[in-house]
Every structure is written in C-alpha cells, then in structure tokens.
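Work through the exercises below with the sequence and the model at hand. Each task is followed by a stepwise solution.

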Amino acid sequence: MASGRRPLVAGNWKMNGLRGSIGELDAVIAAAGGLAPRLDLMVCPPATLVAAFAARAAGTPVAIGGQDCHAEVSGAFTGDVAAEMLADAGATAVIVGHSERRTYHRESDAEVRAKTLAAWRAGLLAIVCIGETKDERVAGRTLEVLGTQLAGSLPDGATAANLVVAYEPVWAIGTGLTPTVADVAEAHGFVRDRLVERFGAEGEGVRVLYGGSVKPSNAAELMAVANVDGALVGGASLKATDFLGIAGAYK
Ligand SMILES: O=C[C@H](O)COP(=O)(O)O
C-alpha cells in the first residue's frame, strides 16, 4: 500500500461465540505467521471470551480487542465493562461507537468520545466507528453525517498509534449490500481529509477501515480503494476460513 499505513483486518464477533468457538481463533493464529508481514490481524470476541482469547493469542501476531467499554474506570454500572478491565484481560484494542451501540443503546457522539478517552486511558487502541443510515445517504447527507460524527466522537490527541476509524455504512451492515467503489472512495477520502485537517501528520497515519458486508468475494475490490486501510468484518469473521479469505486480499 503506497500510503505506508499497515493494513488491519479486524473481526467483530458481536454477540456470537462460546468457549468452544476458540478453534476459529486457533485457525486464525495458525495462518497469522504467513500474513503478519503484510497486515495486522485482530479478533474482537464478546467480553466473556476476551481473557481466554487473549491468553491463547499471547505471543502470536493476532491481537484481541473488546467491542465496547464504559467511560469510567469503575463504579456502579451494572453489566458494563471498563476499558481497564479489557486491558487487564489481555485486550489491546476496543471498538467504540459501533452503529449497533449507537442505535440500540442510544450512544451519542459525546459518549463515544468519552469512551475513546477511556480506551486511551487504559492504553488501548480505539477503533471508532462512524457511518450513515440509508435515509441519510438517500438524502445526500452522507459526508455531513460523517463530518459530524468525526468532530463529535474523536477527542484531541489522536495519533496513528492510538486511533483507527472504521467507516461502516449502517445500511451495509449484515445486509449483503455494499457501497460502490466510488462511494467508498469518496467517504474514505473525506475521512482522511478531516483526520489530516485536525491531527496533521498523525491523521495521515490513522488507519481507516471499511466495514459492512465484507466477504472473501468482495474484499480485494474494497481493500484496493484509496484510503481503505483494511476491514472491520462482522458476520464473515465468525468462520476462520472466511476471515482469512478476506485477509488474503492483501497478497
Ligand atoms: O463491525 C462490523 C460490521 O458491523 C460489519 O458487519 P458485517 O460484516 O456482518 O456486515
């Protein structure tokens, strides 16, 4: 990749996976040595599996991430997980602001920003998700929405080492639909411009992932788009063969 940015292919297992699913991680680990010269690999299992997965992946090129964190270090927040807890369990990253959190848990940009700061406080890489709904795209508001989400969700102090942005059109998640290559290029170019405007050279180094119905069959086309620095993969990350097929887009 001419950008110099190292691709990242991350799997978001969402609310899927039991302890018996660790064989899928094992298969990813088995292939990771061959892929590691070209890209970073990450698996983000549900919180119940983070410690076991991190223990299994320790010493391998596969990183383990959480899917969400609370903004506070600790306290009376039943059911929530602190960024420090994820780090303690062996995670090195956490997804924040996924559209499923923004929709089902009504998370605002301000909350996503606070969670990003929490991730950094705990020493985690923050993977901040943004993306427009179908109605917003049809209304021609995609770039406006992305700009608002970036401005509100990203704290000052972002660097190439502590931030990854994931562009995930909400209407493409789990639907089998994907934007055109031109639409992906426009969105990623816009995100890159905003990152550079705000964070300078660090913004040039921040990786911007595409997410939404990425599969082995469309990965090469999507990953070849300018300013696409990898993928955040949902459904197709649950099977190692599919996940590795996507990573195989980087030959
Ligand atoms: O975080 C991942 C995205 O929501 C994409 O999910 P998907 O690959 O199942 O469309």
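**Exercise 1.** Determine how α7 and α8 cross, and which residues make the contact.

Solution. The crossing of α7 and α8 is right-handed (the near helix is turned clockwise from the far one by less than a right angle). The axes of α7 (residues 142-153) and α8 (residues 181-199) come within 10 Å and cross at roughly 35° (lines fitted to C-alpha atoms over the stretch in contact, with angles from 0 to 180 degrees between N-to-C directions). Helices here are DSSP runs of H or I with at least four residues, and strands are E runs of at least two, numbered from the N terminus. From α7 come Thr-142, Leu-143, Leu-146, Gly-147 and Leu-150; from α8 come Ala-187, Phe-190, Val-191 and Arg-194 (contact: C-beta atoms, placed from the backbone, within 7 Å).

The model is predicted: local features need pLDDT of at least 70, side-chain atom pairs count only at pLDDT 80 or more, and totals for chains, interfaces and linings use all residues. Residues are numbered from 1 along each chain as its sequence is written.

**Exercise 2.** Locate the residues of the UniProt feature "active site" and state whether they are buried or exposed.

Solution. The unreviewed UniProt entry places this feature at His-98 and Glu-168; such annotations may be inferred rather than shown by experiment. His-98 lies in the loop between β4 and α4, and Glu-168 in the loop between β6 and α8. His-98 is buried, with 28 other C-beta atoms within 10 Å (buried: 20 or more; exposed: 12 or fewer; partly exposed in between). Glu-168 has 25 such neighbours and is buried.

Methods
Contact = placed C-beta atoms within 7 Å.
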